Amino acid sequence: MNWWRRLFNRDRSERQLNAELQFHLEEQVRDYVQAGMSESEARRKARLAFGAVDGIREDCREAQSLFLMESTLQDLRYSVRGMRKSWVFTSVVVVSLALGIGANTAIFTLIDAVMWRMLPVRDPDTLLVAGYTQGSPPEYGFTYKQYRAMRDNTEIAELAGYSPVQLSVTVDGNLEPTLEGQLVSGNYFSLLGVNPVVGRPIGIEDDRVPKGHPVAMLSYGYWKRRFALEPSVIGRSILVSGSPFTVIGVTPPEFFGVEVGASPAVFVPMMMQPTVMAVVENLLENPIIMRTWVQTLARLKPGVSVQQALGPLETIYKSQIPPRPKIPNLAPVPERRLVLTSAATGLSDLRRRFSQPLFVLMWIVSIVLLIACANIANLLLARAASRRSELAMRVALGAGHRRLIRQLLAEAVLLALTGGCLGIALAQWATRFLVVYMSSGRTPIVLDLSPDLRILVFTAAVSILTGILFGLAPALRATRLDLAQALKNRTGSGRTTGSHLRPGKTLAIVQVSLSLLLLITAGLFVRSLQNIKDQDKTSERDHVLIVRVEPRGSDQRSLPGTSQRLGRLYTDLLQRVEQIPGVRSASLGNVSPTKPETGAGGRFLTSSGKDVAMQTQVAYPGYFDVLSMPILTGRAFTWDDFRETSPAGCVINETFARDVYEGENPIGKPCGGSLRSPGAKGPAVSQIIGVAKDSKYTNHRGLYTQAVLYAPFPFANTSRGQMILYARIAGDPGPIIPLLREEVWKADKDVPQFSSVPTLLE
Amino acid sequence: MTTPKPDIPQGTLDMLILKVVAAGPIHGYAVAQKILAISRDVLQVQQGSLYPALHRLEKRKLLQAEWKATDTGREAKFYRLTAKGRKELEAEALNWEHLRKAIELIMRSAEGEV
């Protein structure tokens with residue numbers, strides 16, 4: 001098949017076709033002349049007999065079937081010429097298409113990145129993630145002991161673990177902004193089949209002895225950002241949480257771990273957990289049942305099915321769950337079961353949170369595109385009216401009906417494709433914007449948004465479909481014309497009369513109002529998306545800075561004198577932070593406002609025998625103010641409540657008041673065992689001084705509220721003394737952050753680490 | 001010439017062309033003339049059908065074309081039957097024969113037999 005060559009030898013085959021037809025004509029003339037006609041008479045008759053030469057030529061071309069390709073090229077050339085001629089019309093159409101197609105591509109890109117993109121690891125299809133369920137959606141993460149037991153006692157699967165961790169890294173004596181990191185097991189990289197671009201990966205031999213392997217891998221992104229891709233980074237020493245680590249390798253650019261949207265920059269062996277998380281308990285040797293921090297991945301041995309693997313693994317897992325303490329009158333808790341699910345597309349908190357909004361958005365942008373189609377079809381119809389005479393001329397010259405429709409469709413598709421190209425560029429920008437929007441301050445979301453084949457195919461398909469959609473109706477209508485009438489119009493005014501436009505105008509008005517309606521809907525939708533984000537925060541988070549304050553000894557507050565020392569340190573810190581220009585108010589609490597996992601869980605037994613699950617949180621004066629949690633009745637904490645000689649008081653939240661006191665006034669009621677007398681053993685005589693509005697928390701299952709009791713630091717019955725500093729600021733946080741850091745630094749110089757200074761919402 | 005000329009039955013033009021070309025290399029004009037002459041001026045092939053048909057057959061590799069000088073010394077495009085074209089012609093001729101007989105049977109039948 002040399003159709004390709006012939007396509008570009010079009011002139012030659014065209015010449016031959018002409019010659020063949022010319023030959024026929026002249027033979028005919030010769031025959032007529034021989035029959036006795038005059039030369040001119042013969043020529044005239046021959047021409048008449050021959051018919052419309054253009055039509056024959058076209059049919060011949062079609063017969064040679066080069067036609068489709070060739071005529072499409074011709075159509076496109078013609079279209080480009082037409083588009084250039086009416087460039088205002090063209091640009092209006094292209095821009096509105098670009099917006100429509102771009103919006104679709106943007107949302108599709110996000111859906112693709114969040115939902116469908118395969119993990120950049122070896123054989124993502126066979127990678128599993130282990131979790132457990134109690135009749136609820138599965139939760140992921142195990143204690144180190146559980147993970148180790150499952151890993152060591154099975155022949156049917158290979159297990160690897162990792163845990164996201166915030167790291168303070170110091171390079172050349174400069175403390176970096178807090179980095180996302182991961183603690184990884186020795187077989188993590190080999191299990192995933194990820195090979196370093198330089199250096200060597202963390203291997204089994206790097207993960208044997210607790211605190212014994214100060215080695216780290218960097219992500220490609222961090223290597224590029226901080227070390228300008230210098231290969232000499234291998235072997236360099238950096239400080240992670242104040243301890244020296246040697247850089248041994250760099251992960252490949254496309255690798256982001258197994259959590260879509262995460263962007264770990266530093267990987268350290270799991271055995272280094274006590275080193276990099278100095279103030280937190282040693283989770284390796286002293287695993288607390290509450291801390292299920294090891295995310296577990298698995299690959300089954302060849303020939304083993306998921307079902308076969310589940311049984312033995314579950315047996316091991318269950319042997320590692322301590323028996324529940326017997327609490328009377330407690331509803332039985334459903335049995336825990338192990339689950340193994342595919343990790344092919346990655347674990348994603350994003351997916352949980354955004355899949356539904358994304359699909360709703362997809363619907364909305366499709367409707368936007370449909371309306372754009374209707375609008376453009378209308379424009380084309382109006383234009384077709386002014387092109388009537390042109391089209392009539394072409395029909396008169398022998399252009400086939402179908403050919404004309406194809407020509408008009410080619411124009412439409414060309415317009416759509418141009419819009420699509422622009423749309424891709426627009427989508428790139430729009431997705432970045434959306435991702436920033438989705439990211440909540442603490443952790444940036446990093447998604448692979450490069451347009452891959454799937455996205456390009458999607459956009460091309462959408463463009464072509466769009467083109468056909470808005471091009472077909474005008475094409476069909478335009479070609480259904482009355483030749484004589486149309487040609488006559490050409491000699492007359494050359495324009496169609498106003499009556500043609502009237503239905504078009506009505507259509508336009510309907511469409512404008514529809515579009516407006518849609519715009520409002522979309523706006524409302526974005527608002528509600530914002531609300532989803534806002535629900536999990538109790539405050540106007542954009543103006544609150546958070547710093548973890550974890551001075552040495554704060555993890556063993558019950559040691560004699562420690563609580564008093566910390567109390568003085570915190571009071572001092574708060575006073576100094578409030579002196580920083582730009583800081584309106586500051587307070588301390590022991591939990592992050594959205595993730596209360598560090599709070600002490602407990603149960604509150606009322607005098608009437610009622611048993612309510614609740615949590616005790618530690619708070620300082622100003623806490624409810626800084627976090628915008630209004631006091632509903634009673635009062636908030638003052639510094640008077642923090643003197644050890646003062647009567648002990650606590651604040652409870654709405655849910656606590658409702659669950660425990662059921663409409664009774666809780667003010668003056670006892671706070672229970674959550675409070676204790678400083679320096680003395682046993683609960684303090686205490687009373688509730690106020691009720692605060694509920695704060696909403698997030699966990700894997702979504703938003704929830706729970707009964708919370710807030711205790712003043714000196715009276716809080718907990719051995720955990722780490723705090724989180726909240727500072728409500730006015731204006732740009734930029735210049736305030738270093739000052740804040742400095743104050744925290746001063747508060748305890750011995751502590752080599754403190755965590756990030758994120759704003760609650762950026 | 002003034003008697004109305006019957007249309008060439010749909011689908012038989014290709015067969016007629018193949019049959020005429022089978023006699024030896026021939027150009028388009030001569031194909032039309034020959035069909036007219038052999039059919040005793042009954043079947044007139046319009047150029048609008050003839051040339052697309054010729055090109056279609058060439059495309060299907062039933063005919064092969066070649067530019068040669070005619071006896072008057074002019075260059076013309078001559079068509080020649082290929083082996084594939086000969087097979088096609090045989091098949092179509094057979095098919096036509098069956099069809100013709102069948103149609104005749106029906107047309108000759110007495111009114112009552114139907």
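1. Helices (H or I, at least four residues) and strands (E, at least two) are DSSP runs, numbered from the N terminus. E314(A) has its place in helix α11, residues 306-319 of chain A.

2. This is a predicted model, in which local features need pLDDT of at least 70 and side-chain atom pairs count only at pLDDT 80 or more, while totals for chains, interfaces and linings use all residues. Residues are numbered from 1 along each chain as its sequence is written, chains are lettered from A and ligands numbered from 1 in the order in which they are written, and side-chain values use heavy atoms, with hydrogens and water left out.

3. To return to E314(A), this residue is buried, with a relative accessible area of 11%, where buried means under 20% relative accessible area, exposed over 50% and partly exposed in between, with a 1.4 Å probe and protein chains only. Its side chain reaches the backbone nitrogen of L338(A) at 2.8 Å. When its neighbours within four places in sequence are left aside, E314(A) is in contact (heavy atoms within 4.5 Å) with R337(A) and L338(A).

4. Strand β1 of chain A, residues 128-133, is largely enclosed by the rest of the structure, because six of its six residues are buried. From β1(A), L128(A), A130(A) and Y132(A) point one way, whereas V129(A), G131(A) and T133(A) point the other way.

5. Which strands pair with β1(A), given that two strands pair if DSSP finds at least two bridges between them? One of them is β13(A), residues 337-342, which runs antiparallel to β1(A) over six bridges, and here S342(A) is the bridge partner of L128(A). Strand β12(A), residues 295-300, is also antiparallel to β1(A) and is joined to it by three bridges, with T296(A) standing opposite A130(A). Strand β2(A), residues 139-140, is likewise antiparallel and is joined to β1(A) by two bridges, and in β2(A) the bridge partner of Y132(A) is E139(A).

6. In helix α9 of chain A, residues 220-227, the buried residues are Y222(A), W223(A) and F227(A). Seen down the axis of α9(A), these buried residues fall within an arc of 100°, so they line one face of the helix; the arc is that of the directions from the helix axis to the C-beta atoms. As background, an α-helix has 3.6 residues a turn, so residues three or four places apart point the same way. K224(A) and R225(A), on the other side of α9(A), are exposed. After α9(A) comes A228(A), whose phi is positive, near 50°.

Terms used
Pairing = 2+ DSSP bridges. Polar contact = N/O pair within 3.5 Å; in protein donor to acceptor, adjacent residues only side chain to side chain.
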